Amino acid sequence: MTLATADNSGRVSARIVLLKGVDENGFRFFTNYESLKGAQLAAHPQVALCFHWKLLREQVQVRVEGEVETLSAAESDAYFASRPRGSQIGAWASLQSQSLPDRATFEQRVAEFERRFNAGPVPRPPHWGGYLVRPDRIEFWYGALHRLHERVCYTNKDGVWERSLLYP
Ligand SMILES: Cc1cc2nc3c(=O)[nH]c(=O)nc-3n(C[C@H](O)[C@H](O)[C@H](O)COP(=O)(O)O)c2cc1C
């Protein structure tokens, strides 16, 4: 999914992240809390998500807006433990979104953390974990012939979801 965040000046940044869970509470993803997105989320919890299915019906788009909160350490630990070992080492080695002088520097860091954890379990780095996006607006966009698309919008007002249609 595309995840859009903003910094203090209102500058917006978007990138793809993996949706790792969705339920009645919201949408979950995992990342480095010290990355660019992590810094922006610390400044502003408001986010937008966007999904696109090109081959579903005449295309489907789902847009989500809401606020993030960090997942519990236990939930982040559980997901981190399920990741392949290489990804676990990578989470320690990558200073995500910081400037990297050359590729060899990163490879050295990977090798250092492989040595540090040897054959033992790799714990979750404190700077890595999940977020829950609690939606307050979700729009389903269904493509239709002649661009007569359908848009159905759900907005949460004081805990109650209201449904409305939008012109395409
Ligand atoms: C298909 C795909 C899936 C990705 N999934 C994640 C993810 O789940 N978490 C993550 O931190 N970055 C993921 N990335 C990398 C991000 O797009 C991005 O490069 C990185 O998180 C740094 O973003 P930032 O500098 O805005 O913080 C993914 C990239 C692609 C193309």
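This is a predicted model: local features need pLDDT of at least 70, side-chain atom pairs count only at pLDDT 80 or more; totals for chains, interfaces and linings use all residues.
N118 is not a glycine, yet its phi is positive, at about 50°. The residue is placed in the loop that runs between α4, residues 103-117, and β7, residues 128-142. N118 is exposed, and its relative accessible area is 60%.

A positive phi is also found at H146, again in a residue other than glycine, with a value near 60°. H146 belongs to the loop between β7 and β8, the latter spanning residues 150-157. With a relative accessible area of 69%, H146 is exposed.

The cysteines were then considered. A disulfide requires a pair of cysteine sulfur atoms within 2.5 Å, and by this rule the count in the model is 0. C50 takes part in no disulfide, as the nearest cysteine sulfur, which belongs to C153, is 13 Å away. Likewise, C153 is in no disulfide, and the nearest cysteine sulfur to it is that of C50, at 13 Å. The side chains are set in their surroundings as follows. C50 is partly exposed, with a relative accessible area of 28%, whereas C153 is buried, at 2% relative accessibility. The value for C153 falls in the buried class because that class comprises residues under 20% relative accessible area.

Note on methods
Residues are numbered from 1 along each chain as its sequence is written. Side-chain values use heavy atoms; hydrogens and water are left out. Helices (H or I, at least four residues) and strands (E, at least two) are DSSP runs, numbered from the N terminus. Buried means under 20% relative accessible area, exposed over 50%, partly exposed in between (1.4 Å probe, protein chains only).
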